[in-house]
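Work through the exercises below with the sequence and the model side by side. Try each task before reading its solution.

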Amino acid sequence: MNNDLFNCINLKRAISPYDHATGDAAVTSEIIDMQGNSALVFAIATGSLADADATFTTLIQESDDSGMSGATAVADADLLGTEALASFIFSDDNKCFKVGYKGIKRYVTLTITPANNAGAALLCAVAILCPRLQPTANPPV
């Protein structure tokens, strides 16, 4: 058994800590390049979600274009977990959620779309990658 997760992962900023003050505008992550990586997990963390009836829906998209031209929603068969399990509601303050990608496209993004959001919503996301070449650098590149 290998107890060394530290040298087996690389981290990328997906969504910087973000205060989605009000409204229903979607926030999309940085474009994550899968070249040289065998797996990806998006880890989503919430802070205070002030609205009393807001929902936040996640969507994972993939493309072979570095600008995400022609991006399509990832098929359920290419996800680990589900987008529904990585989505959250107003009462999910200070929680973490995850969804993984095992598809074959080179570029991937995460989009979080609020609905009925009239209050502050604090959130962020990190892309956790499993590079084919290990050990990984520290700090992550």
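**Exercise 1. A loop lysine**

Solution. The classes are buried under 20%, exposed over 50% and partly exposed in between, with a 1.4 Å probe and protein chains only. Lys-102 sits in the loop between S9 and S10. Its contacts, leaving aside neighbours within four places in sequence, are Ala-77, Asp-78, Leu-79 and Leu-80. Contact means heavy atoms within 4.5 Å. Next, take a distance: Lys-102 and Ser-38 are 64 residues apart along the chain, and their C-alpha atoms are separated by 7.6 Å.

The ground rules: the model is predicted, local features need pLDDT of at least 70, side-chain atom pairs count only at pLDDT 80 or more, and totals for chains, interfaces and linings use all residues. Residues are numbered from 1 along each chain as its sequence is written, and side-chain values use heavy atoms, with hydrogens and water left out.

**Exercise 2. The open sheet**

Task: Give the strand order of the open sheet of five strands, then find which strands lie at its edges.

Solution. Start with the terms. Strands are DSSP runs of E with at least two residues, and helices are runs of H or I with at least four; both are numbered from the N terminus. Two strands pair if DSSP finds at least two bridges between them. The order is S1-S11-S4-S9-S7, with antiparallel pairing. S1 and S7 (79–80) are the edge strands, each pairing on one side only.

Now go through pairs in the sheet:

- S4 and S11 are joined by 10 bridges; Ala-39 stands opposite Cys-130 in S11.
- S4 and S9 pair over six bridges; Ala-43 faces Lys-98 in S9.
- S7 and S9 pair over two bridges; Leu-80 is opposite Gly-100 in S9.

**Exercise 3. The partners of S5**

Task: Which strands pair with S5, and over how many bridges?

Solution. Take S10: S5 pairs with it over nine bridges, antiparallel. Thr-58 has Ile-112 as its bridge partner there. Take S8 (residues 88–89): two bridges join it to S5, again antiparallel. Thr-55 is partnered by Ile-89. Finally, S6 (residues 72–73) pairs with S5 over two bridges, in the antiparallel sense. Here Gln-61 has Ala-73 as its partner.

**Exercise 4. The core**

Task: Which members of the largest nonpolar core touch the most other members?

Solution. A nonpolar core is a set of buried Ala, Val, Leu, Ile, Met, Phe, Trp, Tyr and Cys residues joined through side-chain atoms within 4.5 Å. The largest has 27 residues, and Leu-40, Phe-42, Ile-44, Ile-60, Phe-88, Leu-110 and Ile-112 touch the most other members. S1, S4, S5, S9, S10 and S11 each supply at least two residues. S11 gives the most, with five. Zoom in on Ile-112: residues it touches, not counting those up to four places away in sequence, include Ile-15, Ile-44, Phe-88 and Leu-123.

**Exercise 5. After S11**

Task: Is Arg-132 buried or exposed, and what does it touch?

Solution. Arg-132 lies in the segment after S11. Its relative accessibility is 58%, so it counts as exposed. It touches Met-34, Gly-36, Asn-37 and Ser-38, not counting residues up to four places away in sequence. Arg-132 and Leu-79 are 53 residues apart in sequence and 19 Å apart in space, C-alpha to C-alpha.

The segment after S11 also holds Pro-135 and Pro-139. Cis peptide bonds join Gln-134 to Pro-135, with omega about 5°, and Asn-138 to Pro-139, with omega about 5°.

**Exercise 6. Positive phi**

Solution. Most residues other than glycine have a negative phi. Met-68 has a positive phi of about 70°. At 12% relative accessibility, Met-68 counts as buried. Asn-94 has a positive phi near 55°.
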